[in-house]
Amino acid sequence: MSVRTEEAIEFLTKSYAELGIDVAELEKRVGVVQQEITQKGTYLHTMEELVIGAKMAWRNSNRCIGRLFWDRIQVVDAREAKTVSEIRDALFEHIEKATNGGQIRPFITIFKPGSDGPRIWNHQLIRYAGYASEHGVIGDPASVSFTQVCEKLGWRGARGEFDILPLVIQENADAVPNVIEIPPEIVLEVPIAHPEFPSIAELGLRWYAVPIISEMKLEIGGITYQAAPFNGWYMETEIGARNFADQGRYNKLAAVAEKLGLNTKRLDSLWKDRALVELNVAVLDSYHKAKVQIVDHHTAARQFGQFETNEQAAGREVTGEWAWLIPPVSPATTHMFHQRYPNKILKPNFFYQDALFKRAEIMPVKRGGCPFH
């Protein structure tokens, strides 16, 4: 599928203006790009274009409350990575550099674009498995389907609540998927305890340090990068109010309430609210004690307010998806709750794409072992 010349020129015009590159250079570059598209149907981004494009994509992500830091993301050009081992090594390096011993750094690793480029089947590079059993789901219910696919491809989990899933990498559209274990020594996890209620630690909860989204595609100037995993750092409600508390996830609110000695027989005791707040307190305190970077939802809201101020000063409209921007705990205490944002989709940006693992039943497989073992 050929790149639309108009989309490429629009990106170049916007990005070169932001970079302060003069009009003569822009015109020269546009001429080169037009010629490439005419001859090949596409063009190659320069490193400078790749970097500003990735940064703009984060800035344009309507669902993200953490966009104040859009210009701090570090861009890794992995477009030359072609083999599974090269792709694997780049992903392992991303995990290590992003984790940074707990001082999380925003990273994006961008692989070869188009159908000739790789696909990563995982929702996030690091995520816990979910196993369907006659007694209910063991682990993360959101991962049940993907876990089943991983096991059909040859992986075997330990049937625990917090088993790290393997990576599933496909070199290109015609290649078979490769299942690769992540070395446990590069995955930083945080055990969850409460500063005032020691019994919460008895639940054995833990979570990984850094969320690295890997299922979305990145679109820059008409070019689609199907594999471009990226990360920021966690806001505590993502873990405490969603991953642990949602009924469709770990569903731990009742267990937490029991540890707190709350009356769960009456809804008007507000036991759910109280358990939810204390669960988020536990997540924040645990990450702080483990020296793993995390942000609370009040600080994140204030940071988003600064992002709004910065964007207005730059003459750019602040777009957003309200239902995603407001935190799931005490949303009315944030300024975003009391205003609305145009949910206008700007490019460059990240977009969801079809989950390839749903086709795994009809595809052959190569099994890739962990090179560290």
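Trainee: How do the residues of the lining of the second largest cavity divide into nonpolar, polar and charged?

Mentor: There are 3 nonpolar, 2 polar and 2 charged residues. The classes work like this: Ala, Val, Leu, Ile, Met, Phe, Trp, Tyr, Cys and Pro are nonpolar, Asp, Glu, Lys and Arg are charged, and the others, Gly among them, are polar. Before we go on, this is a predicted model: local features need pLDDT of at least 70, side-chain atom pairs count only at pLDDT 80 or more, and totals for chains, interfaces and linings use all residues. Residues are numbered from 1 along each chain as its sequence is written, and side-chain values use heavy atoms, with hydrogens and water left out.

Trainee: Fine. What does a cavity search do in general?

Mentor: Rolling a probe the size of a water molecule over the atoms shows where empty space is left. Here a 1 Å grid is laid over the protein atoms alone; a cavity is a set of points where a 1.4 Å probe fits but cannot get out, a pocket is an open set with protein on both sides within 12 Å along at least five of seven lines, and lining residues have an atom within 4 Å of a point. Grid points are joined across faces, edges and corners, and the volume is the space filled by probe spheres set on the points.

Trainee: How many cavities of 30 Å³ or more does the search find in the whole structure?

Mentor: It finds 2. The largest has a volume of about 50 Å³, and its lining is Arg119, Ile120, Trp121, Glu215, Gln353, Asp354, Ala355 and Leu356. By class that is 4 nonpolar, 1 polar and 3 charged residues.

Trainee: And which residues line the second largest cavity?

Mentor: Val76, Ala90, Glu93, His94, Lys97, Phe107 and Thr109, around a volume of about 30 Å³. Helix α4 gives the largest share of that lining, 4 residues, and α4 and β2 each supply at least two. Those labels are DSSP runs numbered from the N terminus: helices are H or I with at least four residues, strands are E with at least two.

Trainee: Let's follow β2, then. How do I read strand pairing?

Mentor: Strands of a sheet pair through backbone hydrogen bonds, either parallel or antiparallel. Two strands count as paired if DSSP finds at least two bridges between them. In this model, β1 (residues 74-78) and β2 (residues 107-111) run parallel, joined by 5 bridges. Two lining residues of the second largest cavity, Val76 and Thr109, are bridge partners there.

Trainee: What is the order of the open sheet of 4 strands?

Mentor: β1-β2-β13-β10, with mixed pairing. β1 and β10 (212-213) are the edge strands, each pairing on one side only. β2 and β13 (residues 230-231) run antiparallel over 2 bridges, with Ile108 opposite Phe230. Helix α3 packs on this sheet and touches β1 and β2, at about 130° to the direction of β1. As for α4, it touches β2, β10 and β13, at about 170° to β2. Contact means heavy atoms within 4.5 Å; axes are lines fitted to C-alpha atoms, for helices over the stretch in contact, and angles run from 0 to 180 degrees between N-to-C directions.

Trainee: Which strands form the open sheet of 3 strands?

Mentor: β12-β11-β16, in that order and with antiparallel pairing. Its edge strands are β12 (223-225) and β16 (349-351), and the twist averages 30° from one strand to the next. β11 (residues 217-220) and β12 share 3 bridges, and Glu219 has Thr224 as its partner in β12. Helix α3 (residues 47-59) packs here too, touching β11, β12 and β16, at about 115° to β11.
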